[in-house]
Amino acid sequence: MRRVANARMYSVNPQAAAAWTDLFGWLARDSGVELDVIAHAFPLPLSDLWSRSDLACAFMCGFPFMLAAHRPRPVAAPIPAKAPTHGRPVYATRLLVRADSRFATVEDTFGGRVGYTVADSHSGYNALRHHLVPYYRQRGARLYRDSVGPLTTPRRVLDALSAGDIDIGPLDSYALDLMLRHEAELATKIRIVGTTDPAPAPLLVAAPDCPDEIVTRLQATLATFAEAPACAGLRDRLCLDGFAPVEIDDYELMLRWDAEARAAGYAEPI
């Protein structure tokens, strides 16, 4: 059986998408695993991608991974070049406003409109809510007059900011790194007013029944990415230092943040 690969979560623009296609081409050649890079763009549900029986390598957010009744097989976790903790497979959520807005802090946006991606996203929902819980406890009331979503993708968060549909929105820090790497003009249109605590990065996964031999070959090859001379250009284009083994226990943090928010009576990011 030929296996499929997809990097929709981090195919944030055509340049990044092309780089991921090149990475999967390298991975297939060096691992000996035949990979078909498939398109699975918005509005197709990510859950359909993650449930494919022929899946060998696709990004999955750690929050739905931990919530899944039948988890896919972990393959590897990316190490962003600008990871909040250098050299670790972690990321954070940047809280963004329009560059021309009056907002200087997260608190300045209270009473306005907050955007979110989807309720089972860590960076676009769970981490955002965790960051806001202390303010919610202090005030004992909702922080925003409206919660706008699901916006689903990082691009649609930026579009909502640009259109004035939201006052503040969450963006996966690694996704933002990729956007700014290939679209430098974005830096003049947005400002970061807050950053959440770090969390384990989305991981590459394979189908639950993917054979051990295939998973092992993919893991071994991805482990060489950081030093492979042939991948120097890819490391730059993907703002990526390498890949690390997946430590599933680290992802328990996401379930704790969810439980803490719910215990505080803060089930929604508003």
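Me: Starting with A226, which residues does it touch, not counting those up to four places away in sequence?
Reply: A226 touches R235, D241 and G242 once those sequence neighbours are set aside (contact means heavy atoms within 4.5 Å). This is a predicted model, where local features need pLDDT of at least 70 and side-chain atom pairs count only at pLDDT 80 or more, while totals for chains, interfaces and linings use all residues. Residues are numbered from 1 along each chain as its sequence is written, and side-chain values use heavy atoms, with hydrogens and water left out.

Me: And where is the place of A226?
Reply: A226 is in the loop between α7 and α8, the latter spanning 232-237. Helices (H or I, at least four residues) and strands (E, at least two) are DSSP runs, numbered from the N terminus.

Me: How far apart are A226 and T85, in sequence and in space?
Reply: A226 and T85 are separated by 141 residues in sequence and by 17 Å in space, C-alpha to C-alpha.

Me: What is the relative accessible area of A226?
Reply: A226 has 30%, so it is partly exposed. Buried means under 20% relative accessible area, exposed over 50%, and partly exposed in between, with a 1.4 Å probe and protein chains only.

Me: Switching to H122: buried or exposed?
Reply: H122 is buried, because its relative accessibility is 2%. H122 sits in helix α4, residues 122-139. Leaving out residues up to four places away in sequence, H122 touches C61, F63, Y91, A127, L128, A199, L253, M254 and W257.

Me: Now the sheets. What is the order of the six strands in the open sheet?
Reply: The order is β2-β1-β3-β12-β4-β13, with mixed pairing. Two strands pair if DSSP finds at least two bridges between them.

Me: Which strands stand at the edges there?
Reply: Those are β2 (35-37) and β13 (240-244), each with a single partner strand, so one side of each lacks a neighbour in the sheet. From one strand to the next, the twist averages 25°. Axes are lines fitted to C-alpha atoms, for helices over the stretch in contact, and angles run from 0 to 180 degrees between N-to-C directions.

Me: What about β12, which strands are joined to it by bridges?
Reply: Strand β3 (residues 55-60) runs antiparallel to β12, joined by three bridges; M60 has L203 as its bridge partner in β12. Strand β4 (residues 73-80) is also antiparallel to β12, again with three bridges, and P74 is partnered with V205 of β12.

Me: Which residues of β12 are buried?
Reply: In β12 (residues 203-206), L203 and V205 are buried on one side, and L204 and A206 are buried on the other, so both faces are covered. As background, side chains in a regular strand alternate between the two faces of the sheet.

Me: What lies across β1, β2, β3 and β13?
Reply: Helix α1 does, running at about 175° to β2; β1 covers 3-6. Helix α1 (residues 14-31) also meets helix α7 (residues 212-222): their axes come within 9 Å and cross at roughly 115°. W26, L27, D30 and S31 of α1 make the contact with R217, L218, T221 and L222 of α7.

Me: What is the order of the open sheet of three strands?
Reply: The order is β9-β6-β10, with antiparallel pairing. Ignoring direction, neighbouring strands are turned by 45° against each other on average.

Me: How many bridges link β6 and β9?
Reply: Four bridges, with strand β6 covering residues 93-98. L95 has P170 as its bridge partner in β9, and L96 has G169. Helix α6 (residues 173-182) packs on this sheet, touching β6, β9 and β10, and its direction makes about 80° with that of β9.

Me: And which residues of β9 are buried?
Reply: In β9 (residues 169-172), G169 and L171 are buried on one side, with P170 and D172 buried on the other.
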